[in-house]
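Let's take a friendly look at the charged side-chain pairs in this model. The structure comes first, then the details.

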Amino acid sequence: MTSDPLVLLSQDRSEARRTNDPLVDRCVLGTVDRNGHPALRTLVLREIDERLALFYSRSSAKHVELMNNGLRGSVLVFLPSIGVQYRIESRFEDIPRSVIEEHWQLKPNAAKRMDSLYERHPQSTVVDNFEGFKTLFAATAPPRKSPANACGVFLVPEVVERLQLRADPQMHDRKLFTRNNDGWQARHLVP
């Protein structure tokens, strides 16, 4: 087994894809708001040139929280079909605008329409009623180019914990990977 947790994650995600795991392209992003309250949300986890990436709107609370915390946060990846969990403590780096535009073009039209709406109605703001918002959504044409609020970050993992869940009578396998100047240091943890 390799000592690079990002290689392991890529291999595990490939195996989970073969099993049609419904969570293979999802992760949970953990941030802290300016009052110190934790916040979690599910996002699509993408791979771009062998790097993990998240896309979102600048109008979202997650963007503000990442910016307020020095572009730091945590990501949880759970692949139930193969019983593997990753907890990733990470720095984040802005994705260049050209890459945002290229990948934004691949989004479904509904997601493009939402990105356009976020410019006038920031994510998570209150609406009078859902039916009215659905009408506004239906009347919004998908833009041809990504709106200015479309952004994203690359993950720069610093600490990765991999937990392989095992059925009785076997013991779970839990490893901690810490990035250092020479790559990754791997240590076993009590499960």
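## A pair within one helix

Lys134 and Glu131 form a salt bridge, their closest N and O atoms lying 3.4 Å apart. Here a salt bridge means a side-chain nitrogen of Lys or Arg within 4 Å of a carboxyl oxygen of Asp or Glu. The two residues sit three positions apart in helix H5 (residues 130-138), so about one helical turn separates them. Helices (H or I, at least four residues) and strands (E, at least two) are DSSP runs numbered from the N terminus.

Lys134 is partly exposed, at 39% relative accessibility. The classes are buried (under 20% relative accessible area), exposed (over 50%) and partly exposed (in between), using a 1.4 Å probe and protein chains only.

## How the model is read

This is a predicted model, where local features need pLDDT of at least 70, side-chain atom pairs count only at pLDDT 80 or more, and totals for chains, interfaces and linings use all residues. Residues are numbered from 1 along each chain as its sequence is written, and side-chain values use heavy atoms, leaving out hydrogens and water.

Glu161 is buried at 9% relative accessibility, while Arg87 is partly exposed at 43%.

## The overall count

Across the whole structure, a search finds 13 salt bridges. One of them joins Asp25 to Arg17, with closest N and O atoms 2.8 Å apart.
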